[in-house]
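Here are some exercises to work through with the structure open in your viewer. Try each task before you read its solution.

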Amino acid sequence: MFQKLIVRAVLAVGLLATASAHAQLGGKLGAALSGILPEPSCPTHYVGGRAPQIVNPKLAPATRALCFNVFGVMHSGLTRTPLWSAEHLRADNIEAAQDLSRENSFHAEPRLPAAQRAELADYARSGFDRGHMAPNGDMPDRSSQRDSFSLANIVPQDGENNRNTWAAIEGEVRKMAKREGDLYVITGPAFLGANLRQVGKVLVPSHLYKLVYSPRQKAGAAWFIENSADAKPNVIPINELERIVGINLLPALAERDKERMLRLPAIRDNNGGKRGSKRGGRD
Amino acid sequence: MTAKKPAFTPFENEADVVEIGRLAFENRLDRITISGDLDLTADRRGLEQARLLHALLGEVVASLEAKELPEQLPAPAVKTVANPFG
C-alpha cells in the first residue's frame with residue numbers, strides 16, 4: 001500500500017512542478033513526497049547519491065527533507081526531531097578549531113512549519129541535553145557550525161550519555177574518517193517501545209544510532225545505544241539497524257553488501273580514562 | 001589578540017553557546033552546562049582564553065547572586081505518551 005503510494009507520488013511529480021506538488025497534493029501523499037524527494041544539493045551527503053528510504057509507513061507522515069551545506073536531514077513533524085542526519089566526512093575537512101573562542105546559537109529551523117518543528121521552549125527545563133545528530137565538531141566552517149545548531153538536527157538526549165559515551169563515539173568517527181580518507185555517517189534516533197517520553201512537544205528517542213560506512217573498505221556498521229545515562233553502545237550490522245529503525249539507510253547498497261561489517265573501535269567514555277573526543281567536546 | 005566579549009546572557013535564553021577551545025558553555029533557563037576540556041596554556045592565547053572564561057563565570061555568579069534561588073530546582077516536566085510508531 002505504501003509502495004503504491006510512492007509510485008503514484010513519483011508519477012505525480014512527473015506531471016506537476018515540484019514546487020506546486022506539495023500544495024496541491026497535501027496530506028499523506030505530500031508527506032510521502034517530501035520523504036522521497038531530497039532537495040537538489042543533498043545527494044552528495046549520501047552513499048551513491050541516494051538518500052535513505054522510509055520503510056515503516058508510520059514514520060512517513062509529516063516528514064520533510066532539509067539540506068544543509070555539509071549534511072542532510074530528514075525531519076519528522078510527529079517527533080519534531082530528525083529521523084536522520086547524514087554527512088560525508090572527508091579527512092581534509094576535519095581540522096582542529098584554531099579560534100580562541102566561538103559563538104553559536106541553538107535555533108528553531110525556519111524552513112519548517114511552526115506546527116511541526118521544535119522550539120527552544122520545548123527543551124527548556126526539560127532536564128535533557130540538546131543532542132546534535134550531525135556533530136558540531138565535524139563541521140568544516142563557521143556557516144556549517146551554525147547550521148548544526150538548528151533544532152532540525154537535534155534530539156533530546158540524556159546529558160550523561162551525550163557528554164561521555166556519545167562524545168567518545170563522535171571523536172572515534174572523526175579519527176576513523178582521517179584514517180579512511182572519507183566516511184559516510186548517518187546519525188539518528190530510534191523510537192522503540194509502547195510508550196515514549198515527551199518534553200514540550202518533542203518526543204524523546206528511546207535509542208540513538210550512528211552508522212558508519214567506509215567506501216574504501218566497502219563495509220559499514222553502526223553503534224546503537226539506549227538514550228540513558230549508563231548505556232553501553234552495541235555494534236550491529238547495517239541491515240540489523242535498518243530493521244530496528246524501519247528505514248533503508250543505504251539504498252544504494254545491495255542487501256549482501258550490508259552484511260560486510262566494518263570494524264568499529266571500542267568506546268570507552270570520556271570518564272573512562274581514554275579521551276575519545278579530540279575536538280569539540282560533546283555535541 | 002584580544003577576544004571580544006561573546007554574547008552570553010546567563011539563564012536568560014536557551015540559545016547562547018560559547019566555545020573556548022573544546023570547552024563549551026550552553027545557556028539554559030535553569031542551568032549553564034559546561035562540558036569538554038581546555039588547556040589554559042602559559043602563552044598569550046592561554047591568557048585571552050583565561051580572561052574569557054573568568055568573565056563568563058563572573059557573569060554567571062553575578063546572575064545567580066541577583067536571583068531569588070530555591071534550595072534546589074524542581075524536577076523537570078517530562079510526560080509519558082503512547083509511541084505513535086509502536
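The exercises below concern a predicted model, and each comes with a worked solution.

**Exercise 1. Get your bearings in chain A**

Task: find how many helices and strands chain A has, and what share of its residues is buried.

Solution. Start with the secondary structure: chain A holds seven helices and 14 strands. Next, turn to burial: of the 283 residues in chain A, 50% are buried. Finally, look at the range of the contacts. Taking those in chain A between residues at least 6 apart in sequence, 66% link residues at least 24 apart.

**Exercise 2. A strand and its two partners**

Task: decide how many residues of β11(A), residues 207–214, are buried, and identify the strands it pairs with.

Solution. Step one is to count: eight of the eight residues of β11(A) are buried, so the strand is largely enclosed by the rest of the structure.

Step two is to sort the side chains by direction. A:H207, A:Y209, A:L211 and A:Y213 point one way, A:L208, A:K210, A:V212 and A:S214 point the other way, and all are buried.

Step three is to look at the pairing. On one hand, β8(A), residues 182–190, is joined to β11(A) by seven bridges in an antiparallel arrangement; here A:T187 has A:K210 as its bridge partner. On the other, eight bridges connect β11(A) with β12(A), residues 219–226, again antiparallel, and A:L208 is partnered by A:I225.

Step four is the turn. β11(A) and β12(A) form a hairpin with four residues between the strands, in which A:K218 has a positive phi near 45°.

**Exercise 3. Into the core**

Task: which residues have the most contacts inside the largest nonpolar core, and is A:L249 buried or exposed?

Solution. First, take the core itself. The largest nonpolar core contains 75 residues, and those with the most contacts inside it are A:L183, A:V185, A:Y209, A:L211, A:V212, A:A222 and A:L241. Helix α6(A), residues 159–180, supplies the largest share of this core, six residues. As general background, nonpolar side chains in soluble globular proteins tend to be buried together.

Second, pick A:L211 and list what it touches. Setting aside residues up to four places away in sequence, A:L211 is in contact with A:V185, A:I186, A:G220, A:A222, A:I238, A:L241 and A:L249.

Third, follow that list to A:L249, in the segment after β14(A). A:L249 counts as buried because it has 27 C-beta neighbours inside 10 Å, and the cut-off for burial is 20 or more. Beyond its neighbours within four places in sequence, A:L249 contacts A:P52, A:I186, A:L211, A:I238, A:L241 and A:E242.

**Exercise 4. A helix with a kink**

Task: compare the span of α6(A) with the expected value, then say where its kink is centred.

Solution. Begin with the length: α6(A) has 22 residues and reaches 30 Å from first C-alpha to last, close to the 32 Å expected at 1.5 Å a residue. Then check the axis: a kink of about 40° in α6(A) is centred on A:W166.

**Exercise 5. Hairpins in chain B**

Task: name the strands that β2(B) pairs with and work out how its side chains are arranged.

Solution. Take β1(B) to begin with: it pairs antiparallel with β2(B) over four bridges, and B:I20 has B:L23 as its bridge partner. These strands form a hairpin with two residues between them, and B:G21 in the turn has a positive phi of about 55°.

Now take β3(B), residues 32–35, which four bridges join to β2(B), also antiparallel. B:F25 sits opposite B:I34, and this hairpin has four residues between its strands.

For the side chains, B:L23, B:F25 and B:N27 point one way while B:A24 and B:E26 point the other way, and all are buried.

**Exercise 6. Where the chains meet**

Task: describe the side of chain B that touches chain A, and find which element gives the most to it.

Solution. Count first: 34 residues of chain B contact 32 residues of chain A. The elements of chain B giving two or more residues are β1, β2, α1 and β4, with β1(B) giving the most, five residues. By type, this side of chain B has 18 nonpolar, six polar and 10 charged residues.

β9(A), residues 195–199, is joined to β4(B) by four bridges, running antiparallel, and A:Q198 stands opposite B:K79.

Notes: Residues are numbered from 1 along each chain as its sequence is written. Chains are lettered from A and ligands numbered from 1 in the order in which they are written. This is a predicted model: local features need pLDDT of at least 70, side-chain atom pairs count only at pLDDT 80 or more; totals for chains, interfaces and linings use all residues. Two residues are in contact if their C-beta atoms, placed from the backbone, lie within 7 Å. Ala, Val, Leu, Ile, Met, Phe, Trp, Tyr, Cys and Pro count as nonpolar, Asp, Glu, Lys and Arg as charged, and the others, Gly among them, as polar. Two strands pair if DSSP finds at least two bridges between them. A residue is buried if 20 or more other C-beta atoms lie within 10 Å of its own, exposed if 12 or fewer, and partly exposed in between; C-beta atoms are placed from the backbone. A nonpolar core is a set of buried Ala, Val, Leu, Ile, Met, Phe, Trp, Tyr and Cys residues joined through C-beta atoms within 7 Å. The expected span of a helix is 1.5 Å times one less than its number of residues. The bend at a residue is the angle between axes fitted to the seven residues ending there and the seven starting there.
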